[in-house]
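Have the structure open and follow along.

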Amino acid sequence: MNIKIKNLNKSYGNEIVFKDFNIDFSDEQINCIVGKSGCGKSTLLNIIAGLIEAQSGEISGVSMNDISYIFQEDRLIEWLTVRENLELALKRYFDNSTLTNKVNEVLKLVGIYDIKDKYPNKLSGGMRQRINIARAFGKPSKLILMDEPFKSLDYKLKYTIIDEFKNLLNREKRMVILVTHDLDEAIYFRGNIIVFRDKPVEIAGVFNNKLEECKNEVLKIM
């Protein structure tokens, strides 16, 4: 899978976020976009997902049906059970004969099958985030967009869930574009690190170094 963004332009009033911006994402790998809060990271994800319209530019290599989106908030419906939340999200992609099996499969993948009949308001933040991840993997997508989905979790739980997420990726190969302002989190994913500089957005550096040693180099240009 290869995604190419060419000559992207996006402004809010007099504030220019992207001006003739270009970036490519390729292969089945994790791409971590880092940069200061408000520099345009989430805006780019929303443009790729079709949630925000750019003034001009071209995006090739991906369609809306190819995308799963893990938002900062879990967007669960509180009066539906865990199972019902997943069924609602996935029913457009599967017929009735396979929907139940698919929901059971992703519930087991993220280790929450035993709570399938509970309501979200009875669950911890970590459990709610597992539902969020299950929903993303349940959709037959090629690309997973992630907008700081771990920022509300405590340190230990965050890295436990990141490990689980990486294990899922080893089983089901997908491209990931992750937005975060947490450099340690980006390094832990062991993927590409793309540094954004604010605004209009510029790519200040791209690091394929999967080791901790890249941290100082990234911090110099953030």
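## Ground rules

Helices (H or I, at least four residues) and strands (E, at least two) are DSSP runs, numbered from the N terminus. You're looking at a predicted model, where local features need pLDDT of at least 70, side-chain atom pairs count only at pLDDT 80 or more, and totals for chains, interfaces and linings use all residues. Residues are numbered from 1 along each chain as its sequence is written, and side-chain values use heavy atoms, with hydrogens and water left out.

On a 1 Å grid over the protein atoms alone, a pocket is an open set of points where a 1.4 Å probe fits, with protein on both sides within 12 Å along at least five of seven lines; lining residues have an atom within 4 Å of a point. The largest pocket has 22 lining residues, with Tyr 69, Phe 71, Tyr 93, Arg 135 and Lys 139 nearest its centre. Strand S5 (67-70), helix H2 (82-90) and helix H4 (125-138) each give two or more residues to that lining, and H2 has the largest share, with four.

The second largest pocket is lined by 13 residues, and those nearest its centre are Glu 28, Gln 29, Ile 30, Asn 170 and Arg 190. Here H5 gives the most, three residues.

## Around Leu 169

Leu 169 sits in helix H5 (residues 155-171). With a relative accessible area of 9%, Leu 169 is buried (buried is under 20%, exposed over 50%, partly exposed in between, using a 1.4 Å probe and protein chains only). Setting aside neighbours within four places in sequence, Leu 169 is in contact (heavy atoms within 4.5 Å) with Ile 30, Phe 137, Arg 174 and Val 176. Glu 28 is 141 residues from Leu 169 in sequence, yet their C-alpha atoms are 9.2 Å apart.

## Salt bridges

The structure holds 12 salt bridges, each a side-chain nitrogen of Lys or Arg within 4 Å of a carboxyl oxygen of Asp or Glu. In one of them, Arg 128 pairs with Asp 74 at 2.7 Å between the closest N and O atoms. Arg 128 lies in helix H4 and Asp 74 in the loop between S5 and H2, so this pair ties together parts 54 residues apart in sequence. Arg 128 is buried at 15%, and Asp 74 is buried at 17%.

Lys 158 and Glu 185 also meet in a salt bridge, 3.4 Å from N to O. Because Lys 158 is in helix H5 and Glu 185 in helix H6 (residues 183-188), the pair ties together parts 27 residues apart in sequence.
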